[in-house]
Every structure is written in structure tokens, then in C-alpha cells.
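Thanks for coming. I have one model to go through today, so let me put it on the screen.

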Amino acid sequence: MNRDHSIFAETSTWPKIQQAINRNLTCIIPVGASCKEHGPPLPLNTDYIQSAWLCEQLARRFPLIVWPTISFGYYPAFVDYPGSWSISEETFIQCVHDIIESIARHGNNRIILINTGISTIKPIEQSLLQSAHCQRIKLINVYSGEHTQKTIEKIEEQRQGGHADEIETSIMLAIDESLVDMSLAREGLQNINDGPLNLHDPDKPNYCPTGSMGNPMLASQEKGTKILEAMLDDLIEIIEPITQQ
């Protein structure tokens, strides 16, 4: 499906949005932080770029209403690092709830959230439980898909990862290598404990001067391309039947 059949809400007009609703187009809402540290090699908006890229690809395949990315959220693990922002869990739950209610009240029958975060999963789930429209809403956590997990297991070389690591750096190399400075890549934290990352105190848990959990030095564009293909396979398997309802 050509993306001309999709509507990008933020650059559209309200009559065009109404026409898209009348056509019963499925809504997708990307969720990805625009300011969250991703180690020295990656930009703060890495999550935002990933979610926007995935939704752009989906809009080429299916007729969709693509809403603006929810670019702020509950990211408590990274607040030690300059440039990282996080709102409280309660505020994030309420924000997601209000955004969904605003969209659903005009008759959008199907709403899908495309989430690239980890700490955002439980708050979004809480928000959906509170929504009167929960039966219309689907949450997809892109790193949890079966194809994605199998692909990562097959190609991953790092001992332990989780953030700004071999996997995320590979994905960003595949999306736009000009955004990645591999000369700054260093092996990051390997023994990861519960709780936030710690930038300043070597005597406390999760001391991590790079901000990376894993080893971005092992990243490659080829690995990232394979992971993105797997993510799209997972997304398409879920979204295609929904758009045909």
C-alpha cells in the first residue's frame, strides 16, 4: 500500500483527519523518547528515530492515521545523564490516557501504540486498563516480537546488553549511519543490577560512565538491517489483520 493512502496527523488538517476516520483507517501512535541518553555514539532521540522510522515503513504498507510520537515518558534509569528527561510514572499514565481519549472520542475504532521503550511498558498497560476504549487499543512493544527476539539471539555477540548496546547501535547504523559516531563507542556496563544507571559514584551499583549497557563496539549496519526486518515482520503480522477488520 502506498503511503499516499496514509495520513500523518501533525501535517494534516482536521477535515482530512475526519475523512480518514470515515474511511475507518487504523490509528498508530509511536512512543519513543526524544531526550534519553544512549551512550556517547548515539543521539538522545534514538528511541524517537526508531519509532518514527518503523511507523513510516508501516504507513507505506497500510492505510493508517499516523499520530505524532509521544516523545516524553517515564525513563527513571537515565536521569543521571545530562540531556535525559523523565516524567513521573503517574504523569505518564495520565498523559497516555488523555491522548488516547482525545483520539478515540472522534470515532477512531482501532488504535495501536508502537512502543520502543522498556520502562514505558507497564505505565502504558496501566493507562489502557483505565481507558473506556481499551477494547479498541493494542500495545506493541517492538523489542518483544518473536521474529525480533530470534534474530537478536542469532546475531548478538555481547555478553549482556540492554541499552545503547550492540543491538541499538546496529539499528541506528541501519537507519542512518550519519547519526552514529562509532569512534566514541566503548564497552559499557556488563553486570547490570536493578535500579538506575549511575554516572558519578564508582562505589554504588550500576556505575556506568559511558551510559551503555552492553557493547556498542560490536555493532554493524548489517546486523541492524536484519533486526529492523524482523521488527517489521512482527509488526506486519499483528497490524495487517487489524487493518482488514
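D165 caps the N-terminal end of α6, with a side-chain oxygen 3.2 Å from the backbone nitrogen of I167. That is a polar contact, meaning a pair of N or O atoms within 3.5 Å; within protein, one must be able to donate a hydrogen and the other to accept it, and residues adjacent in sequence count only if both atoms are side-chain atoms. Helices here are DSSP runs of H or I with at least four residues, strands are E runs of at least two, and both are numbered from the N terminus.

A word on provenance. This is a predicted model, in which local features need a pLDDT of at least 70 and side-chain atom pairs count only at pLDDT 80 or more, while totals for chains, interfaces and linings use all residues. Residues are numbered from 1 along each chain as its sequence is written, and side-chain values use heavy atoms, with hydrogens and water left out.

The average pLDDT, the predictor's confidence in each residue from 0 to 100, is 94 for the protein, and 98% of the residues score at least 70.

Buried means under 20% relative accessible area, exposed over 50%, and partly exposed in between, with a 1.4 Å probe and protein chains only. The buried residues of α6 pack against α2 (46-61), α5 (146-155) and α7 (221-243); contact means heavy atoms within 4.5 Å.

Now α3, residues 89-104. What are its buried residues? They are F92, I93, V96, H97, I100, I103 and A104.

G73 is found in the loop between β3 (64-66) and α3, and is buried at 0% relative accessible area.

Last, cysteines. How many disulfides are there, taking a pair of cysteine sulfur atoms within 2.5 Å? The count is zero. For C95, the nearest cysteine sulfur is that of C35, 16 Å away. C208 is in no disulfide either, with the sulfur of C35 the nearest at 19 Å. C208 is buried, at 1%, whereas C95 is partly exposed, at 25%.

Definitions and conventions:
Disulfide = S-S within 2.5 Å.
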